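Here are my notes on the model, point by point. Have the coordinates open while you read.

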Amino acid sequence: MNTADPTTDLTALLAASGLGRLRPEAAREAITHIEWRPPRAGASAPWPNWAPEPLVTALIKAGIEAPWPHQVAVGEHARAGRHTVVATGTGSGKSLAYLLPALAELITEPTARVLYLAPTKALAADQLRAIATLDLPGVRAAVFDGDTPRDERDWVRQHANLVLTNPDMLHHGILPGHGRWRRFLRGLRYVIVDECHAYRGVFGSHVAHVLRRLRRLAPRDVVFLAASATSGDPAASVGRLIGAEAVAVSEDTAPRGAMTFALWEPPLQRDASGEEHRRSALAETADLLTDAVVAGMRTLAFVPSRRGAEIVSAMTRRALREVDAQLAALVAAYRGGYLREDRRALERALLAGDLTGLATTNALELGVDLTGLDAVLLAGYPGRLASLWQQAGRAGRAGRDGLCVMVARDDPLDTYLVHNPSALFDRPVEATVLDPGNPYVLGPHLCAAAMEAPLTPADLALFGAPDELVDELVDAGALRRRPTGLYWTHPQRPEVDLRGTGGAPIAIVEADSGRLVGTLDAGSAHHALHDGAVYLHQGTSYVVDRLDLDDATALVVAEEPDYTTHARDVTNLDIVAVRSYVDAGPIGLFLGDVDVSHQVVSYQRRAVGSGEVLGTFPLDLPPRELRTVAVWTTLSPEVVAGIEDLPGSLHAAEHAAIGLLPLVATCDRWDIGGLSTALHYDTGAPTIFVYDGHPGGAGFAERAYGIAGHWLRATRDAIAACGCLRGCPSCVQSPKCGNGNDPLDKEGAIMVLDLLLAALA
C-alpha cells in the first residue's frame, strides 16, 4: 500500500476522506494506492478600483467577500489590452477572473459588447444563470445557440450586450450573417473563450480559424480572455488558438481543501465455468455510487460511454431500491443526446440537491459549476491527464475536502496505472495541441472567410495562409482574384464540419407515440441504434425496431429484455494510390491515399448479469468509408523471420508510433488511427499503417512521411528507455486500442523499428 503522506495510515485516511463509508473492508482489498494532497489556505486581494460599485456590491451579496489575487491579475492584463489565459485548478474561480473586467466594461460603457464562447451548451446555460443571479444594471445577457427559439434570436441580436454561445453557432449562425450583427460586433470589447483546453487536435484547429474569422470582423482592440484547466504551456496554446500573443496567469491563489485520490482495482471472481476474471468497472462503480448515496455523499460518476452511464445509473437505482425505494429517485444519468429540457431539468435538480448521485459521460467534465460535491468516481482512466484532473477536481469545490476514486477497467492500460501510480501523479499534464497551419483545415476556412468578406493581404497574414494554398484554391475555382481581394465563387456556403461528427444526428423516435426520445450522432448510430439494439435512455430501456439511415431516424419500442446487445464490426484498409515512396531494399516507406472501412456486421445478445452469449444475429448495414491519407511501412517476410511474435511486435510498434507522432507533427493522438498486420492483401507483406482520422486527411501522415527517420528514431528510443518489462502506457499500450492492447510485444517492437531505421538510414 502506497500513501503519499507517510504520517497518515490507511485507517485514518479512510475515515477522514469518506472512503470508510464506501465499503471499508472491500476498500482495504481493492485500493492499490492513495494519493493525499494537503489543503491550501489561499489568499485574498482588495477589489480593484476599476470595478464599479454596483458590481462589487452584487458580488459581495452573492457571497464573494473579496477576489483572489489571480482573479485581479487577469483583470489588470485585460484592462491593459493583453490577451490573457487563466490556467488554474478546478474550482479556483476562473469564471470571476474573466467576468470581472467584462462585466465592469458593460456597466460603465453602454456601447460595449462581450461574446462568451463555451464548448458545451450546458456550460453557457450555467454561466447565464450565474450572471442573471447578480442582477446587474445595464447587463443584458442571453444565450444564442441551436436551442434558442427563432422568435428570441432577433431580440438577442438587437438588445443583448453579453451573448453566450459556442464555436459551432459562431461559425454557422453569426459570422455568415455578420451584417445583422454589425452593431454587436462594432462594440465588441472582450471575447471570452472558456474551457479552451477542449479545443485540441483538428477540432481545435477549426476553432482557431473561426476565431480568426471573428477577429477580422471585430475592432482591432478586442481582447481575448481564455480559461483553461491546468495544462502544459497555456500561453503558447492560447496564442496558437487566437492567432496572437497571450499571457498566462497560472499561479492559483484560491483556497483548496484536501484531496484524497484512491486507485481501486476490482476483485477477481470466478464465472460459471470456473475461470477467474476481474469484476467489471461499471458494476464496481455502480456499487460505490450506491454506497455513496446511502451515506449521503453527493457524487458524480464519470463513465466513458453513453451506454455505460445509463448502465451505471440503472444498476445503482436497482441496488438502492433494495435499501429504500425512495433513494432510487436520487440517482440519474446525464449525457449527450438528451433533449434540451431534459438536460436543463437534470442540471437544476443537481444544483438544488434533489439528486445525490449522477452517472455522467464527460458532458459534465466541462459544464455546470457544481458546488458541494463530496466525491467523484471514475469508471476507468479517461485517456488524458488533463481530463483526469478536470474530472477529479469536481469533488471538493468551494474549499471543501474532496475524494476521487478511479476504478480500473480490466485492461492492461488501467491495470498498469493502478499498480504504477507515478504514471498518473508524477507526470506533467499534456499541452493542448492544435495546428492552425494544417492546410486541410485552413483551406475551407479561407473559403468561408471569403464568403463573409473579400480576403485582403492583411487577412491572409492573419490566417497564416501560404501563397501555394491560395493559388490552389484559385486554380480549383473556389476563390476568384479581384483588385479588391479574393472572393468566394459559389452561391452556397462552403462546407466545413468543425467536429467531424459524420452527418446529421439520428432522431430517436418512439414508434407507438411518435415522441422524440433523444438524438445520437451519426457516427455512433451503427453501433448503438442498429435493428434489434437495446438502447438505454434516462433509465428506460428501448429496443430498436428499425434504423432508417436515409431518414436519419431510429424507431424504438419501450421494452425490458433480459439481455443486452453488443455490435461487432470489421475494419479494412485499402490502398487507393501511392503518392510517394522510399525503396530501402527489404523495407518500404510509403505515403498515399487509403480507404478505411468500418462495417457493423452483426450483434450479440448477452444475458443480463452472467454475460452469457445468447446468440449472434447478422446485420445488413452499409460500411462507413473514410477516404484519408496514410503513411505506411512494409517489411519483407525474410527480414522479420526471426521475430517470434510478429503480430504483437507490429501492433506494439504501431501504438508507439502513433503515441510519438504528436511530438513531431503538432497533432493530437486522438486524430490519428492505425492498423498493423502480418500480411496485408495490398502490400503482400507485414505492414504498419498510420492514417489521419479525418476525411480527406489532415496533413499528419504527410508530415510523418517527411520526417520518418526522426519520428521512428524517437519511437524506438521511447520504447527502449521505458523501464517496464512487457510494455506499458508510457511506451506501447494505447488508451484507444480497439483490441484491448492485445497482442503486444515490446521487445519485438524494438526489433521491428531497428530494422526500419537501419534500412531507411
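**Notes on the fold**

1. Buried residues account for 55% of the 761 residues in the protein chain, where buried means under 20% relative accessible area, exposed means over 50%, and partly exposed is in between (1.4 Å probe, protein chains only). Keep in mind that this is a predicted model, in which local features need pLDDT of at least 70 and side-chain atom pairs count only at pLDDT 80 or more, while totals for chains, interfaces and linings use all residues. Residues are numbered from 1 along each chain as its sequence is written, and side-chain values use heavy atoms, with hydrogens and water left out.

2. Overall dimensions: for 761 residues a compact globule would have a radius of gyration near 27 Å, and the protein chain has 27 Å, so the two agree. That radius is taken over C-alpha atoms, and the globule rule is 2.2 Å times the number of residues to the power 0.38. The C-alpha trace spans about 75 × 75 × 60 Å along its principal axes. Of the contacts between residues at least 6 apart in sequence, 72% join residues at least 24 apart; contact here is heavy atoms within 4.5 Å.

3. The secondary structure comes to 25 helices and 30 strands. These are DSSP runs numbered from the N terminus, with helices being H or I of at least four residues and strands E of at least two.

4. Seven strands form an open sheet in the order 5-6-4-7-8-3-9, with parallel pairing; two strands pair if DSSP finds at least two bridges between them. Its edges are strand 5 (141-143) and strand 9 (247-249), each pairing on one side only. From one strand to the next, the twist averages 20°. Angles run from 0 to 180 degrees between N-to-C directions, with axes being lines fitted to C-alpha atoms, for helices over the stretch in contact.

5. A142 has V163 in strand 6 as its bridge partner. Helix 6 (residues 121-134) lies across strand 4 (113-117), strand 5 and strand 6, and runs at about 160° to strand 5.

6. Is T84 buried or exposed? T84 is buried, with a relative accessible area of 1%. T84 lies in strand 3 (residues 84-87). Leaving out residues up to four places away in sequence, T84 touches V74, H77, A78, F224, L225, A226, V247 and V249. The T84 side chain also reaches the backbone oxygen of R82 at 2.8 Å. That counts as a polar contact: a pair of N or O atoms within 3.5 Å where, within protein, one must be able to donate a hydrogen and the other to accept it, and residues adjacent in sequence count only if both atoms are side-chain atoms.

7. Five strands form an open sheet in the order 21-20-24-23-22, with mixed pairing. Strand 21 (516-520) and strand 22 (534-537) are the edge strands, each pairing on one side only. Neighbouring strands of this sheet are turned by 35° against each other on average, direction ignored. Strand 22 pairs with strand 23 (residues 540-548) in the antiparallel sense over four bridges, and Y535 stands opposite Y542 in strand 23. Helix 13 (residues 306-323) lies across strand 21 and strand 22, at about 70° to strand 22.

8. Helix 25 (residues 746-760) has 15 residues, which at 1.5 Å a residue should span 21 Å; its end C-alpha atoms are 21 Å apart, which agrees. The expected span is 1.5 Å times one less than the number of residues. At the start of helix 25, a side-chain oxygen of D745 reaches to within 3.2 Å of the backbone nitrogen of E747. Buried residues of helix 25 include I750, L753 and L757. The helix's buried residues pack against strand 26 (587-607), strand 28 (624-635), helix 22 (646-665), strand 30 (687-692) and helix 24 (708-721).

9. Some backbone spots to check. The peptide bond from D742 to P743 is cis, with omega near 0°, and P743 sits in the loop between helix 24 and helix 25. E195 is not a glycine, yet its phi is positive, near 50°; E195 is buried, with a relative accessible area of 9%. A552, also not a glycine, has a positive phi of about 55° and lies in the loop between strand 23 and strand 24 (553-558).
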